[in-house]
Amino acid sequence: ATPAATMVGTTLGARNGVLFKGGDVLERAKDVDTVVFDKTGTLTRGEMELTDVVVLDDGERPVGDRDGGTLSADGGRLAAREPLGEDDVLRLAAIAESGSEHPLARAIVDGAVERGIDTADPDDFENVPGHGIKATVNGREVLVGNRKLLRDDGIDPSPALETMERLEKEGKTAMLVALRGSDGSGNPESNGDQPPSEGEIVGVVAAADTVKETARDAVSQLRERGIDVMMITGDNERTARAVAERVGIEPRNVRAEVLPEDKSDAVESVQEGGRKAMMVGDGVNDAPALAVAYVGTAIGSGTDVAIEAADVTLMRDDPVDVVKAIRISDATLAKIR
Ligand code: ADP
Ligand code: MG
């Protein structure tokens, strides 16, 4: 583009809340043939809310400390080995998540507070990126996260799968809550009738996000221009597909369960066949993918890291501005052809 055309394009962009980082990207944007959207915070608002708490307890299995130690100040039921109730499951999850900044963690903690449940800080916790959290609560391990988190820890998620699938089909993110029993002696093998040391699932909690109002419009306008639209997410396949369906993205164009560090590989593999992909994302997770994309676009309230890695920044939170960016590039360059 000539300096004059670049000037016209960047100014027009700025007036529409679309910031191009220089003439190069203004020129590239018109050639994009694939748009890859991050799901959470990009197509959805990124404000997760707790929707379900499901207890998975057969009522017979001992779930409490035999020494009378309890998991929380008012966790009498745990000590008494009565079946856990919804509030107990939610309390455990909230304590485990209270140190995490993850939107799912916030949804669980806020949901507990809204229900008037007292929470506390865990003794210790460890984030497992892309999978969940492991916490120590009164000397016991509490896990909150996806199937992989539990499997990697030797806990079989099968008893909860039916519940998970039901919630995921509704577009919700379902999380397993598991408790690794301890008999208080520190030795899991010490006594045959003690709570199982291998850990058990005590419940499932779910959170959901709302799809942005204009997400569907953005997808259909892109497709009208002959642009292939994809979605990439760390979320599970079923939830991802339910959200994709709502915004009009085909199931075959959904890449789910992509770990944060693998997002850029996923974009590279899309581009391998010579495609020119625009990656649209908002999070720290998305920065490497934004950097490898033919055009990296950071959306709205995105993190600084994402904005820094991007070629285009959309000032508003509106996915339709992706179409605007491409249109402005197209219009500006058409003028000088
Ligand atoms: P996204 O790409 O949607 O931001 P992440 O990569 O952060 O997702 O997480 C992927 C999945 O790992 C989540 O859908 C959830 O199942 C699980 N997960 C991640 N962090 C947590 C957490 N703090 N608590 C519970 N589950 C979590
Ligand atoms: Mg995101």
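In this predicted model, the residues of the shell around ligand 1 divide into six nonpolar, twelve polar and three charged. The shell comprises 21 residues. Thr40, His102, Gly132, Asn146 and Gly234 are the closest to the ligand. Several elements each supply at least two residues of this shell: α3, α6 (103-114), β5 (132-137), β6 (140-145) and β7. Both domains take part, with at least three shell residues drawn from each of domain 1 and domain 2.

Twelve residues from domain 1 and eleven residues from domain 2 make up the contact. On the side of domain 1 that touches domain 2, helix α10 gives the largest share, five residues. That side holds four nonpolar, five polar and three charged residues.

Helix α10 spans residues 237-247. Its buried residues are Arg238, Thr239, Ala240, Arg241, Val243, Ala244 and Val247. The cover over these buried positions includes three helices, α3 (39-43), α8 (158-169) and α9 (215-224). It also includes the strands β7 (173-180), β9 (228-232) and β10 (254-255). Two of these covering elements, α3 and β7, also supply residues to the shell around ligand 1. After α10 comes Gly248, with a positive phi near 90 degrees.

Definitions and conventions. Residues are numbered from 1 along each chain as its sequence is written. Chains are lettered from A and ligands numbered from 1 in the order in which they are written. This is a predicted model: local features need pLDDT of at least 70, side-chain atom pairs count only at pLDDT 80 or more; totals for chains, interfaces and linings use all residues. A residue is buried if 20 or more other C-beta atoms lie within 10 Å of its own, exposed if 12 or fewer, and partly exposed in between; C-beta atoms are placed from the backbone. Helices (H or I, at least four residues) and strands (E, at least two) are DSSP runs, numbered from the N terminus. Two residues are in contact if their C-beta atoms, placed from the backbone, lie within 7 Å. Ala, Val, Leu, Ile, Met, Phe, Trp, Tyr, Cys and Pro count as nonpolar, Asp, Glu, Lys and Arg as charged, and the others, Gly among them, as polar. A residue is near a molecule or strand if its C-beta atom, placed from the backbone, lies within 6 Å of it. Domain bounds come from an automatic or database domain assignment.
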